[in-house]
Amino acid sequence: MDSSTQITHIVLLSLGVSGTALLISSAVGIPIGVWLGFRRFVARRLVIAFIYTGMGFPPVVIGLLVYLLLSRDGPLGWLGWLYTPKAMVLAQVIISFPIITAFTMAAVMGVTGNVRLQLLTLGASRLQATLAVLSEARIGVLVALIAGFGSIISEVGAVMMVGGNLKGSTQVLTTAVVQSTRMGLFEQAIVLGIILLTISFVVSLAWIALQGRSLLEK
Amino acid sequence: MNCAVYRLEGISKVYGTREVCHVERLEIPRGSVMVLMGPSGAGKSTLLRLMAFLEPATSGQIIFEGHSHSDGKAPPLEVRRRVTMVFQTPIFFKGTVEQNVAYGLRFRGELNVRTRVRKMLEAVGLSQLAKAKMASVSTGEAQRVAIARALIFDPEVLLLDEPTANLDPQNVVLVEELVAKAVNDRGTTVVLVTQNVFQAKRLAHQVGFMLDGVLIEVGLPDGIFADSVDQRTRAFVRGEMVY
C-alpha cells in the first residue's frame with residue numbers, strides 16, 4: 001500500500017469511527033439533554049452531576065474500562081470487538097455522550113420557560129413545543145455536536161488502547177500522528193495533523209451551513 | 001341554555017404557602033369582554049394562566065364549555081387549542097413577522113397558511129412588515145403581531161395580559177380596535193387584564209376587581225365605575241392608592 005492510499009484509508013477510518021460514534025451518542029444524548037432541560041425530578045441534580053463528571057473523564061480511563069469490558073475475560077469479551085473499529089466506536093460514544101447531553105441540556109435551559117408557555121398558548125402539542133424549543137436552541141445543539149465531534153476526532157488515548165493502532169485496520173489520524181512522530185517521520189506526522197485540523201474545520205463549517213446560517217452573517 | 005364559556009368555582013392557586021389567586025365564583029358569558037383590573041401583584045395574570053390551562057389550580061374547578069377541569073391535569077389538546085393568551089411581553093421566535101404569525105396554524109396542520117397570514121397581516125395593518133425580522137419591529141408593531149398570531153386560528157377565547165401596557169396612544173387605539181373587532185365580528189370571548197380604567201370603560205361588558213390575589217368584586221361597568229359595592233374598588237377606579 002503506497003503512502004497516499006494509506007493516508008486515505010486512515011482518514012476514511014477516522015471519519016467512519018468518529019462519525020458513527022457521533023451518530024450514536026447524538027441519538028441518545030440529544031433526547032436525554034432535552035429531557036433534562038425540561039423536566040424537574042428528584043434525582044435530577046445527581047444525574048446532571050454524573051453527566052458533568054463524564055465530561056471530564058480522562059479518555060485513557062474510558063479506554064481502560066472499554067478494554068476491560070471487551071478483553072477476552074471481560075463481561076463483553078464474547079463479542080470479539082477488541083482491536084476492531086467497533087471497540088473504538090464504543091469508546092468514543094462513551095467519551096462524547098456526556099458532552100452532547102450536557103451542552104444540549106444547557107441550550108434547552110437557555111430558552112426560557114416562557115417560550116414553552118407561549119408555544120402552548122399557540123396550540124402546540126407537547127411534542128411540537130419540544131421540537132420548537134429545540135429549534136430555538138439549535139445553535140446550542142449545534143455547539144453540542146461540534147464539541148462532541150471535536151472531542152472524539154482528536155482523541156488518542158482510548159482508541160490507541162482499544163483499537164491497538166493496527167496499520168490498515170484500526171489506525172486513525174491521531175494514533176498515526178503518534179506513531180509517525182515516534183518513528184521520526186515528522187513530515188508525515190505534520191501532514192496527518194493538518195488533515196485532522198482541516199477535517200475539524202470543514203465539519204464545523206458544514207454544520208453551520210446546515211443550520212441555514214450564512215457564513216457571512218453578522 | 002348555559003351561555004357561559006367559563007365558570008370558575010372555588011378556584012385557588014397556592015405557591016408554597018402563599019395563596020396568589022382566589023376566585024370564589026366567576027362566570028364569563030360567550031362573546032363578551034371581561035376586564036380584570038387591580039394593582040400589580042393582585043393575581044390577575046395568574047388567573048389568566050389558569051384560564052389558559054398553562055398551570056393547574058391548586059383547588060376548585062374551571063368549567064370550560066360545560067366540561068370541568070379540576071383534576072390538575074391539562075385538558076386535551078383540542079380543548080386547549082380553543083383558548084389562546086397574549087402575554088404582556090410576548091415571546092417571538094427566530095424568523096420573520098409572517099413566520100411568527102403562522103406558528104399556530106402550522107401547529108394545527110392548517111392549509112393555505114400563506115394566504116391566511118397575508119389576510120391577517122392586512123387586518124392588523126402590518127402587510128409591509130411581512131418579511132421583516134421580528135427583531136426589527138417596534139414594540140407597538142410587535143404587540144399587533146402577537147394579537148395577529150393569536151387571532152389567526154380563530155380562538156373561542158382570547159386572554160390578554162396588559163396588551164397595551166407599553167404602547168403609545170395610537171397603538172393603544174389600534175389594539176383596542178382589533179379586540180373589539182374580534183368580539184363583534186367573530187364572537188370571540190375576551191378576558192383582558194389592564195390597570196387602565198379608561199380602557200376598561202371603553203371595552204368591558206363586565207369588570208372584575210382583584211386585590212391581594214382575591215377577586216373581590218364583579219359587575220357591569222356602569223355599576224363598578226359609578227357605584228361599586230366594595231370601597232377598595234371605588235378607591236381604585238378613582239385612581240387612589242389601594243392596599
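Tutor: What follows starts with the core and then turns to chain A and the side of chain A that touches chain B. The model is a predicted one, and the description should be read with that in mind. The largest nonpolar core holds 128 residues, and those that touch the most other members are Ala91(A), Val162(A), Val35(B), Ala148(B) and Leu159(B). Helix H4 of chain A, residues 85-110, supplies the largest share of this core, with 16 residues. In chain B, domain 1 (1-82 + 155-243) and domain 2 (90-154) both give residues to the core, so the core lies between these two domains.

Among the contacts in chain A between residues at least 6 apart in sequence, 74% join residues at least 24 apart, while the C-alpha trace of chain A spans about 65 × 50 × 25 Å along its principal axes.

Where the chains meet, twelve residues of chain A are in contact with 18 residues of chain B. On the chain A side, helix H5 (113-121) and helix H6 (126-136) are the elements that give two or more residues, and H5(A) gives the most, with six residues. By class, that side of chain A has five nonpolar, six polar and one charged residues.

Key: Residues numbered from 1 in each chain as written. Chains lettered and ligands numbered in written order. Predicted model: local features only at pLDDT ≥ 70, side-chain atom pairs only at ≥ 80, totals over all residues. Contact = placed C-beta atoms within 7 Å. Helix = DSSP H or I, 4+ residues; strand = E, 2+ residues; numbered from the N terminus. Nonpolar A, V, L, I, M, F, W, Y, C, P; charged D, E, K, R; others polar. Core = buried A, V, L, I, M, F, W, Y, C linked by C-beta atoms within 7 Å. Buried ≥ 20, exposed ≤ 12 C-beta atoms within 10 Å, placed from the backbone. Domains from an automatic or database assignment.
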